[in-house]
Amino acid sequence: MPDTTGASYAAAGVDIEAGDRAVELMKEWVKKTRRPEVLGGLGGFAGLFDASALKNYERPLLASATDGVGTKVDIARQLGVYDTIGHDLVAMVMDDIVVCGAEPLFMTDYICVGKVHPERVAAIVKGIAEGCVLAGCALVGGETAEHPGLLGPDDFDVAGAGTGVVEADRLLGPDRIRTGDAVIAMASSGLHSNGYSLVRHVLLNEGGLALDAHLDGLGRTLGEELLEPTKIYSLDCLALMRTAEVHAFSHVTGGGLAANLARVIPDGLHAVVDRSTWTPGEIFDLVGRTGDVERLELERTLNMGVGMIAIVPEESTDVALTALADRGVDAWVAGEITDRGDRETGAEMVGDYAA
């Protein structure tokens, strides 16, 4: 008799039942991010957020951002650690949103895998949910996609999009910045989620270092250092705005400190950042010396120990530093805003890092 067994989705590599199990496993974590404005539960076609909460605003502006975490996911894959990468995703999205002074409201995620391993997907969502709690936003939905043939069975990637709100007359940015403003640096938790293509190439490929290697100065394995979650500054920035006058924030991500700071500097002004005000962590020196990477290349690829910048009036400096210290944020005055003079509008770094 002829073979009547036809093709199937499962035979093509997509396991619907595994996807359903992953959704069930992640529900408990998503519930932890719930805000009063969220309607319904996980499993609908769209996440619902009650916008009537915005009636309390005179002129609410919605802020939106989307991002991923780059090739840091490959470190997670190699180590089999999946419950921290979600922190990175939330930080990359929500710390962009808070830069304009917006309160994070809600987020959605997209997880793409070569093969659905329910517990693995649930661990990723657990990290995203924990990150949302730290950012003060709700996780209202997401998508898990299985792409057999395009990704290997253990390969995955994550991305997300978020929305926040800010009162129009409290919008932060270049229009508020003035000569004499202080540039306050907030310490990063490590590499965060940028520059991993360079880091992986230098340390793992050229340097031949093992992820389980214990290296002097790190105090832990290289893999643990590389997977250190990106610090989420959203609630710290909002608290700072309630305590001190803030003119602008800058999230230090791809491109480094100077390039990201330049994005909020108005025409006619210039930001000067003094390297001698801090010492980058050991991981930055390790990348530099292992790969013989020039300082300029390091600075335009990595955050060099600064994850967020606040620009405040000079007279608000002490109040701002105290407010951040009270929240456990390591912060310091790293520079100032000056007239442009004969320089281009933007930001520059001067001096040498403290020993």
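In this predicted model, K231 lies in the loop that joins α6 (222-226) to α7 (234-243). The relative accessible area of K231 is 25%. Because buried requires under 20% and exposed over 50%, K231 counts as partly exposed. Leaving out residues up to four places away in sequence, K231 touches A91, D95, A187, S189, H192, D236 and V329. S193 is 38 residues from K231 along the chain, and their C-alpha atoms are 9.8 Å apart.

Two of the residues that K231 touches, A91 and D95, belong to helix α3, where both are buried. Helix α3 covers residues 85-97. It has 13 residues and spans 19 Å from its first C-alpha to its last. That is close to the 18 Å expected at 1.5 Å a residue. Twelve of the 13 residues of α3 are buried, so the helix is largely enclosed by the rest of the structure. Among the buried residues are I85, L89, V93 and I97.

The largest nonpolar core holds 76 residues. Within this core, L226 and L261 touch the most other members. Helix α3 gives the most to the core, with eight residues. A second, separate core has 22 residues, including V99, L172, F249 and A310. In soluble globular proteins, nonpolar side chains tend to be buried together.

L226 was also examined for its contacts. Setting aside neighbours within four places in sequence, L226 is in contact with K72, I75, L191, Y196, V199, L203, L211 and I283.

Conventions:
Residues numbered from 1 in each chain as written. Predicted model: local features only at pLDDT ≥ 70, side-chain atom pairs only at ≥ 80, totals over all residues. Heavy atoms only, no water. Core = buried A, V, L, I, M, F, W, Y, C linked by side-chain atoms within 4.5 Å. Buried < 20%, exposed > 50% of the residue type's maximum accessible area, 1.4 Å probe, protein only. Helix = DSSP H or I, 4+ residues; strand = E, 2+ residues; numbered from the N terminus. Contact = heavy atoms within 4.5 Å. Expected span 1.5 Å × (residues − 1).
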